[in-house]
Structures are given as C-alpha cells and as structure tokens.
Amino acid sequence: MNEFEEVELFAELATRLKVAHARVRRLRLPNEAKVALIRRLLVITDAAKHDLADASRRLTKLMDELDAGPASSRGTAEA
C-alpha cells in the first residue's frame, strides 16, 4: 500500500469512527454499557495508529453489533 492509499484508508476510518461515536452517544443504554462501547471505540482509535486493517476490522465488528441491537453490544470486551 502506498502512502496515498494509506492516507485515504485512514481518512475513511476516521469518518467511520466519527459516525460510530455519534451512534453510541445516541444510544439509550445503562451508563456502564455505554462506557464499555466508548472504551471499545477508543481502543479501535488507538489501534488505527499501528494497524489500519485491524482497526477497520474491529470497527466493522462493532458496527455490526450495533446494527444487531444494543443487547448484542452489551458486555462485550473485545474491541
């Protein structure tokens, strides 16, 4: 992957993370569940600094869980 492709992938991931943070903020969940989701997003953000592909995979998994409903996201520790 060249530098331009990497920058594009990072920009795309940043946009997806922004959307994910907005979705989590709007969720009506117990505080503990919301904090757990925010922590997962922070882990994904940190992972993006080292491995864009892994961060993207983790974010896709989290978004799929959010799409499935809040019960599937509650209490999941893996980012």
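Predicted model: local features only at pLDDT ≥ 70, side-chain atom pairs only at ≥ 80, totals over all residues.
Now select helix 1, residues 3–26, together with helix 2, residues 31–48, whose axes come within 10 Å and cross at roughly 170°. Angles over 145 degrees count as roughly antiparallel, and helix 1 and helix 2 are therefore roughly antiparallel to each other. To see what makes the contact, show the side chains of Phe 10, Leu 13, Leu 17, Ala 20, His 21, Val 24 and Arg 25 on helix 1, and those of Lys 34, Leu 37, Ile 38, Leu 41, Ile 44, Thr 45 and Ala 48 on helix 2. The residues of this contact divide into ten nonpolar, two polar and two charged.

From here, move on to the largest nonpolar core, which has 17 residues, and select Leu 13, Leu 17, Leu 37, Leu 41, Ile 44, Ala 55 and Leu 59, the members that touch the most other members. Helix 1, helix 2 and helix 3, residues 52–68, each supply at least two residues of this core. In soluble globular proteins, nonpolar side chains tend to be buried together.

Finally, return to the whole chain and consider its contacts with a separation of 6 or more, of which 58% are accounted for by residues 24 or more positions apart.

Terms used
Residues numbered from 1 in each chain as written. Heavy atoms only, no water. Axes fitted to C-alpha atoms, helices over the stretch in contact; angles between N-to-C directions. Helix = DSSP H or I, 4+ residues; strand = E, 2+ residues; numbered from the N terminus. Parallel < 35°, antiparallel > 145°, perpendicular 65-115°, else oblique. Contact = heavy atoms within 4.5 Å. Nonpolar A, V, L, I, M, F, W, Y, C, P; charged D, E, K, R; others polar. Core = buried A, V, L, I, M, F, W, Y, C linked by side-chain atoms within 4.5 Å. Buried < 20%, exposed > 50% of the residue type's maximum accessible area, 1.4 Å probe, protein only.
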